[in-house]
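The following exercises concern the surroundings of two residues and the confidence of the model. Each task is followed by a worked solution.

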Amino acid sequence: MKASLSDLENPITSSALPYSYAPLPDGDQPAGNDPTIRPYIKTALFLLSVFLAVSFLGFLFAGDGPVLNKNLNSKAVPFTSVLLEKVTPLSRGVEKGVSEKAFHPLLGADNSYPWSNNMLDWQRTAFHFQPKKNWMNDPNAPVFYNGWYHLFYQYHPEAPVWGKIVWGHAVSKDLINWRHLPIAMETDQWYDEEGVWTGSATILSDGQLVVLYTGSTNESLQVQNLAYPADPSDPLLINWVKYPGNPVLFPPPGIDNDDFRDPTTAWKTPDGKWRFTIGSKINKTGISLVYDTEDFKTFEILDELLHAVPGTGMWECVDFYPISMLGENGLDTSVDGTGVKHVVKASMDADRNDYYAIGTYDAYKGKWTPDSPTLDVGIGLRYDYGIYYASKTFFDQNKQRRVLWSWIKETDTEASDIRKGWASLMGVPRTIVFDKKTLNNIIQWPVEEINRLRTNLTAFKDVVVEAGSLIPLNLPSASQLDIVAEFIVDKKTMEVLNGADTSYDCAKSGGATQRGALGPFGFSVLANEGLAEHTPVYFYIVKGVDGNLKTFFCADQSRSSNANDVDKSIYGSIVPVLKGEKLSMRILVDHSIVESFAQEGRTCITSRVYPTKAINNNAQLFLFNNATATKVTVSVNVWQMNSAFV
C-alpha cells in the first residue's frame, strides 16, 4: 500500500531554524540541453575566453535573485561548462548496430577529477539490483516460474564496459533480495557469436517456458533465436538449450541487417496461435513487425505492422501489453476484451528514452491504434523523464500484477567505471496500472516489497515553509531513504496572483534557482552542509493568463557534483494534478541513484548523481521553497532504508 500522511506522527523539532534559501549562482549550466551549441574545436579557446569575460561581468551586475547566504558557504561554480560539447570516443554498441552504450564525457571538461576510492565505493547501491562486478544493460525475459522471480540481463563478464554480451541470471523470492546464478547463455554459436542480445520469455498454455532472443551473428547480422530450459522441472532454470535449428528468423525484405531486434513476450491470437512483435525502422519511421507462430520454430509475418510512427527512428525493446480500465490487477499478456486497453512502448534509439502510448488493439488484423495521435509512441508520454531505457514488463501471476524493469545507465566516465569495477544497475521494479482519474496515462509505483526495507521513521507534520526558505531535516543518515510527502500551496496566494503568459520547461530552465511566484519547492537530496553539492527534486507551478494552473515535476542535477566529468542535466515534465488533489511526491534515494514519483506515479524521474562531498555521513536532506510569493505546508515521512541482498 502507498504510504498515507493522514496519520503522521508529531514532528521532530529541528534545532536549526529555517533560513533564507540562497540558490547557487547561475554559472554552472546543465551541459547538453541546447542542441545549438556546437563550437568548432579550433575556435573553442577563443569563444571560451570571450564567454568567460562576458559571464563574469553579468555575474557582477546580476541582482534578480536573493543574495547568496553567507551561512551556506556556497561557492560559485566555474562558467566553463556552458561551452562544453560532447565528443565521440570509441563507440560502445553503435558500430555493432545497437544504441550507444556509454556516456561520453565533455569536450574541455576536467576528466581527471581525483576520485577517491571512498567516493567510488559509495556510489554502489544498497537496494537496486546489479551484478557483483562488470557491465550490465537491458533486462531480459523477466518471469515468475515455479516459485521464483527470474531476471536475465545483458552482461559483459570480462569488463565494466559494453562488449561481447551474454545473459546474466539471478533469482529472487521477493523482487528485492537476489541470488546470483551462473551465466545462462554464452556467445557460443555462430548465430550469437557477437552477442546474446535482448529477448523475452513466454509461458505456454501447458506451462512450458520458451525464450526468443536476438543474436548478433559472426557477421553482425541480427537474427532471432529460440531457447528453452534444459530441465523444466528445475525452478532455478540453471541450464539452457539453444534450438538446433537456430536462427528461426532473419530480417525480412526491406529491413536492414542491423535493424531487427528485441522480440517481445508472445500472446494468444483469436485463432489460437502465438503472436509477438519485433522493433525495426524503415528510413526514419519507427515500426514494430508482427509475427504469428504455432511452435516458435516456423513463423508467418503479418502484412500489417502493429504500429509505425514517422520520424521516430529505430524502435528498440518494443513492449506490448494489456491494462485494465476497471480493475487494479495486472493482466496476462494474452488478455483482451471489454474494459481492456493496450500499451505499446518503444525505446527510441534516436534519443535513448522510453516512450509509451495507450490505445486499442485489433486482434484480427494485428494492428494497434493510439487513443490520442498527439500522445503517440515516440512523441508523447514517457515512462520516465530521466535516465531510464530498454525497459521490459512481465505479468506476475504470483500477485496478479504487471511489473516493469529498466536499465539505468551510468552517466560518469568509463575511466571511473573501470576503477570501481562495475557499471549500470536496474531501477526498482515498478507496478503498472491504468490511471482511472486522468484516463490517458499509466501509474507507476515501486513494488510493495520495497517497503520491507523501511526502518527508523522520522515524521514531520504540517511544516510551514515560507517563500525563500530552506529547512534542514535532521536525520542520522541520508544516503538510503524513502521519502513520502504531501504539499499544500497557499490558496489565497494562488487566487490573488495574476496569471502570466509564461512558459516553463524543466530541462531548459535554470533548475531550482529559477524563481517564480509558485515555485520551485521540494527537497534537496544528497546535499552537503554548505549546499555546494545538492540535487533538488521539486514542483514548479505556472498560472496562465486564463487562470489555469500547470504543475511541473523536475529534478535538477546541475549542482549534484563538484566533478566536471559527470552528467548534470535537468530533467522533468508536466504532471497532471486534478481538482482537489494535494501535491504529492515520493523519492527513493539509494546512493548514486534517485528515483522520484509525482502524484502517486503519474510522472517519474530517475537521476544518476555522483557527489564528491555529499556522501556517507555528509549526505543530508533539505526541504526548500524557492518561490517568491507563496508559502507551502508540508507533511513528510522519511524512512531509513536497509540494504537488500543484491
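The structure is a predicted model.

**Exercise 1.** Determine where aspartate 192 is placed, and whether aspartate 192 is buried or exposed.

Solution. Begin with the secondary structure: aspartate 192 belongs to the loop that connects β7 (179–185) with β8 (195–203). Next, consider accessibility: buried means under 20% relative accessible area. Aspartate 192 has 0% relative accessibility and therefore counts as buried. Then examine the side chain, which forms a polar contact of 2.8 Å with the side chain of tyrosine 213. Finally, list the contacts, setting aside residues up to four places away in sequence: aspartate 192 touches Glu186, Thr187, Tyr213, Gly215, Ser216, Thr217 and Lys242.

**Exercise 2.** Carry out a corresponding analysis for threonine 269: which loop holds this residue, and is threonine 269 buried or exposed?

Solution. Threonine 269 is located in the loop between β12 (267–268) and β13 (274–282). Its relative accessibility is 7%, so threonine 269 counts as buried. The side chains of threonine 269 and aspartate 271 make a polar contact at 2.3 Å. With neighbours within four places in sequence left aside, the residues in contact with threonine 269 are Trp274, Arg275 and Asp292.

**Exercise 3.** State what the mean pLDDT of the chain is, and how many contacts the stretch of residues 1–88 has beyond near neighbours in sequence.

Solution. For the chain, the mean pLDDT is 88, with 85% of the residues reaching 70 or more. Residues 1–88, by contrast, have pLDDT below 50. In the model, this stretch has 142 contacts beyond near neighbours in sequence.

Definitions and conventions:
Residues are numbered from 1 along each chain as its sequence is written. This is a predicted model: local features need pLDDT of at least 70, side-chain atom pairs count only at pLDDT 80 or more; totals for chains, interfaces and linings use all residues. Side-chain values use heavy atoms; hydrogens and water are left out. Helices (H or I, at least four residues) and strands (E, at least two) are DSSP runs, numbered from the N terminus. Buried means under 20% relative accessible area, exposed over 50%, partly exposed in between (1.4 Å probe, protein chains only). A polar contact is a pair of N or O atoms within 3.5 Å; within protein, one must be able to donate a hydrogen and the other to accept it, and residues adjacent in sequence count only if both atoms are side-chain atoms. Contact means heavy atoms within 4.5 Å. pLDDT is the predictor's confidence in each residue, from 0 to 100.
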